[in-house]
Amino acid sequence: MTLVRAKKHLGQHFLTDKNIASKIVDSLRPVNGYRQVLEVGPGMGILSDFLLQKPEYEVFLIDIDTESYQFLQKKYPQLGERLINADFLELDFKAVFEDKMAVIGNFPYNISSQILFKILDNRDQVLEVVGMFQKEVAERCTAKAGSKEYGILSVFLQAYYKVEYLFTVKAGVFNPPPKVLSAVIRLTRNQTTTLNCDEKLFWQVVKAGFNQRRKTLRNALSALINKERMADNATLDLRAERLTVDDFVKLTNEIAAAR
């Protein structure tokens, strides 16, 4: 079969190291309660080869690249409708998957944050994620409160998932090699079904706090808080990066109560 060309506008960097591909697939843990697994951006199928060797999985592949889709149709005719030529960011999870599932992939770096927010939007279905990201993004996802990498993505992901940094991947195992290091992380859904606060307000507070991260929360959240009733709130004298998920939940409740 004719090989697929990596396309810069799609952020494609095809993994070529089978040992790393096997290690990524083995990082999934179906004991967490899913059978269906969706691979995002399979390219020429280096991860797919290992996924399809696992009888415990019902594997789905999704790729926006028509050339990859046609290549994979020939390579895996047994997949049928489980090979999807579409944009992952537009996918209707409830229409495709029966219930709980996992997501895996060597994710396109140019839309990695959008992929993670799509997963957050479908967190009630997505029990686990194992994925390759730019190392900088992986570090943001796993960062703890107080570090310079800690931000909006850290808080939102860690509110609903246990996030683990698994291993770093060098540029030389990709074609074409990216100009950055890469890393594989794992997200495992935690027990939080809903946060103990107004979730819409929580998202507003976190975003506003980090959008002006050099300011104290009192200034960054000025449009959201009752300044008079919260004048003595000591948390507002901190910067957003100092607050854990639980701290943000508590602050959201305090803001709501003071309105």
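This is a predicted model: local features need pLDDT of at least 70, side-chain atom pairs count only at pLDDT 80 or more; totals for chains, interfaces and linings use all residues.
Local features are taken at pLDDT of at least 70 and side-chain atom pairs at pLDDT 80 or more, while totals for chains, interfaces and linings use all residues. Numbering starts from 1 along each chain as its sequence is written, and side-chain values use heavy atoms, with hydrogens and water left out.

**Stop 1: the nonpolar cores**

Select Leu38, Phe88, Val103, Phe202, Leu221, Phe248 and Leu251. These residues touch the most other members of the largest nonpolar core, which has 59 residues. A nonpolar core is a set of buried Ala, Val, Leu, Ile, Met, Phe, Trp, Tyr and Cys residues joined through side-chain atoms within 4.5 Å. Buried means under 20% relative accessible area, exposed over 50%, and partly exposed in between, with a 1.4 Å probe and protein chains only.

Next, colour helix H8 (residues 199-211), which gives the largest share of this core, seven residues. Helices (H or I, at least four residues) and strands (E, at least two) are DSSP runs numbered from the N terminus.

Then centre on Leu221. Beyond its neighbours within four places in sequence, Leu221 is in contact (heavy atoms within 4.5 Å) with Val205, Ala208, Gly209, Leu236, Leu251 and Ile255. Another core, of 34 residues, lies apart from the largest one; Val25, Leu28, Phe71 and Met132 are among its members.

**Stop 2**

Go to the loop between helix H5 (112-121) and strand E6 (126-134), where Arg123 lies. Is Arg123 buried or exposed? Arg123 is buried, at 14% relative accessible area. Show Tyr160, Tyr161, Arg189, Glu199 and Trp203, which are in contact with Arg123 when its neighbours within four places in sequence are set aside.

Stay on Arg189, which forms a salt bridge with Asp124; their closest N and O atoms are 3.6 Å apart. A salt bridge is a side-chain nitrogen of Lys or Arg within 4 Å of a carboxyl oxygen of Asp or Glu. Arg189 is in strand E9 (residues 182-189) and Asp124 in the loop between H5 and E6, so the pair links distant parts of the chain, 65 residues apart. Arg189 is buried at 13% relative accessibility, whereas Asp124 is partly exposed at 48%.

**Stop 3: further salt bridges**

The structure holds 13 salt bridges. Select Glu136 and Arg140, whose side chains meet at 3.9 Å, N to O. Both are in helix H6 (residues 135-142), and because they are four residues apart, about one helical turn separates them. Glu136 is partly exposed at 48%, and Arg140 is partly exposed at 26%.

Move on to Glu241 and Arg213, a salt bridge of 3.3 Å, N to O. Glu241 is in the loop between helix H9 (217-220) and helix H10 (245-257), and Arg213 in the loop between H8 and H9, so the pair ties together parts that are 28 residues apart in sequence. Arg213 is partly exposed, at 26% relative accessibility.

Finish this stop with Arg29, Glu128, Glu164 and Arg186, which are linked in a network of salt bridges.

**Stop 4: the largest pocket**

Select Gln12, Phe14, Gly41, Gly43 and Asp63, the closest to the centre of the largest pocket among its 35 lining residues. On a 1 Å grid over the protein atoms alone, a pocket is an open set of points where a 1.4 Å probe fits, with protein on both sides within 12 Å along at least five of seven lines; lining residues have an atom within 4 Å of a point.

Colour H2, which gives the largest share of the lining, three residues.
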